[in-house]
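Morning, everyone. I'd like to talk about the inside of a protein today. Have a look at this one first.

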Amino acid sequence: MAPADPTTTPSNGFSAHRLWERGLDRYPGTAARYRYLAVAVFVTIVLYYELYVAGGVAPLMLAHFKMSFLYYVNVLVFANLVGAFGSLAAGIADRWGRANLVTYGLLGTGLLTLLTPLAPNKATFAVVTILTGLVEGMCLVATPALVRDFSPQIGRASAMGFWTLGPVIGSLVVSFVANRTLPRFDDSWASQYYIVGVVGLVAFAVALFGLRELRPGLRDQVMVSVADRALVEARAEAAEQEADLRHPWRQMARLEILAPALGVSVFLLIYYTAVAFFTIYLTSNFGLTTARANGVNSWYWAMNAVALVIVGVVSDRLRVRKPFIVGGTLLAAVMTFLFMTRTTHPHTSAGTLIWIISLLAVGLGVAYTPWMAAFTETIERRNPALTATGLAIWGWILRIVVCVSYFVLPYVVGAVDTLTRAPEVLAAAKKVPAGTAPPPTLLHELGELKKAAADAPHQWQAWWWICIVAELLFLVLMLPLAGRWNPRAARADADAHAREVERLTGTQG
């Protein structure tokens with residue numbers, strides 16, 4: 001009888017020891033590997049749901065705390081700045097592992113999310129939000145490292161497509177849940193935090209009992225296909241001893257890693273604008289309700305999710321990444337331009353907006369999934385033992401770019417700060433008795449509101465132009481990535497590798 005696989009037998013079941021020691025001594029079989037990948041994707045979705053919930057209720061939250069748009073944006077700036085250094089700190093996952101960082105990070109974010117509605121004022125809200133950003137900055141580097149560990153290069157784009165569902169489905173869930181539940185809870189923004197907080201603690205329980213990781217000797221090697229399993233296991237002990245972990249930041253601070261990381265970070269300006277400000281933009285520029293704006297947003301995230309998965313499968317089948325990156329980027333740039341042209345047409349129908357942003361979302365998805373696969377493969381080309389360090393550099397650059405963009409946006413779109421106060425000003429105007437002149441202060445506020453309504457569309461157009469330029473810049477900065485342009489050449493590389501693995505396996509056998 002063949003020996004039992006320790007990754008799937010009862011000996012791998014629950015014990016108190018498992019709450020901290022989660023390493024696998026052998027590369028898992030297909031069913032177990034998919035299970036660990038599924039848990040990693042699930043917890044990523046929940047982490048992004050927690051991170052993005054504020055964007056779905058921003059207009060209501062600003063009114064509750066009497067918080068200006070500028071104050072809210074500055075909170076996001078500091079949260080991303082702190083999260084950037086949390087991402088950098090997550091490079092320790094190469095030495096200390098990934099699974100515990102994710103699991104106990106989920107516990108922290110779940111509790112912080114539940115505490116947010118209890119904040120007595122906007123300053124406390126800011127502190128809790130910034131702390132949440134710190135923890136999630138660490139976790140959201142460790143999860144793609146886990147996905148890379150459990151996915152050979154042939155199949156990497158599909159796996160990364162599912163991982164990238166984390167931010168997309170997280171955003172979709174924010175919009176869907178807000179659209180369905182806000183009317184039932186009298187438009188209470190706090191209800192959304194309580195819902196996601198409970199979901200976060202459930203995810204912690206799932207990760208506590210269901211998330212594992214590879215031992216260093218297994219994850220420190222490049223695995224091209226599942227056929228390499230026997231060779232990877234045979235070399236595990238030597239790989240762990242030979243892994244070069246000296247000067248990790250110096251090893252990863254190379255052009256082929258820094259340029260693509262910066263490129264994708266600026267490429268995603270439109271994405272992070274959607275996350276934080278689409279609801280505010282749609283309500284202030286097109287007059288949609290918060291619930292209706294979230295309904296429009298749901299189409300954006302749903303189409304993005306579909307594109308991420310499909311392009312991952314196709315990219316793996318053709319064995320190339322860069323042609324998809326170029327095609328998706330060009331589609332995204334064209335649709336961002338069309339989206340920009342609608343800004344000065346406030347009576348644009350919700351249906352038209354849905355078509356435009358859906359195709360924009362498809363373009364982003366077609367470009368991003370292959371980029372994630374190519375970026376992890378580029379890190380492996382440098383040093384597979386420092387995958388988390390390379391991803392930490394990407395996470396740091398990404399959040400610094402988001403931090404800077406959020407800081408700049410209120411100065412480009414300054415009228416939004418005035419427009420977010422519109423419900424309060426208009427409500428005060430309605431209370432003025434008929435035939436009575438409004439107070440001078442109210443007249444001044446109404447005048448500012450009218451001016452802001454005229455200025456905002458042109459200011460938003462300037463921001464969308466910045467996003468278009470950033471998308472095109474990405475096409476240059478992604479060029480150092482590893483990988484072929486021609487599917488035939490890529491297939492020849494894979495075939496040559498398969499023959500070499502057969503030779504080495506036969507030699508060792």
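Of the 509 residues in this protein, 57% are buried. Buried here means under 20% relative accessible area, with a 1.4 Å probe and protein chains only. A word on where this comes from: it is a predicted model, local features need pLDDT of at least 70, side-chain atom pairs count only at pLDDT 80 or more, and totals for chains, interfaces and linings use all residues. Residues are numbered from 1 along each chain as its sequence is written, and side-chain values use heavy atoms, with hydrogens and water left out.

Overall build next. The protein has 22 helices and two strands. Those are DSSP runs, numbered from the N terminus: helices are H or I with at least four residues, strands are E with at least two. The radius of gyration is 24 Å, close to the 23 Å from the globule rule for 509 residues, so the protein is as compact as a globular protein of that length. That radius is taken over C-alpha atoms, and the rule is 2.2 Å times the number of residues to the power 0.38.

How many cavities of 30 Å³ or more does the structure hold? Five. A cavity is a set of points on a 1 Å grid, over the protein atoms alone, where a 1.4 Å probe fits but cannot get out; lining residues have an atom within 4 Å of a point. Points are joined across faces, edges and corners, and volume is the space filled by probe spheres set on them.

The largest cavity holds about 420 Å³. Its lining has 29 residues, and nearest its centre are Leu 51, Tyr 52, Leu 76, Ala 79 and Thr 129. Two or more lining residues come from each of α1 (30-56), α3 (69-89), α6 (122-149), α14 (269-286) and α18 (387-412). α6 gives the most, eight residues. By type, the lining has 17 nonpolar, nine polar and three charged. Nonpolar is Ala, Val, Leu, Ile, Met, Phe, Trp, Tyr, Cys and Pro; charged is Asp, Glu, Lys and Arg; the others, Gly among them, are polar.

On to the second largest cavity, at about 150 Å³. Sixteen residues line this one, with Thr 164, Pro 167, Leu 268, Tyr 271 and Tyr 368 closest to its centre. Helices giving two or more residues include α1, α14 and α18. The top contributor is α7, with four.

Technical notes
1 Å grid on protein atoms, 1.4 Å probe; cavity = no way out; pocket = protein on both sides within 12 Å on 5 of 7 lines; lining within 4 Å. Buried < 20%, exposed > 50% of the residue type's maximum accessible area, 1.4 Å probe, protein only.
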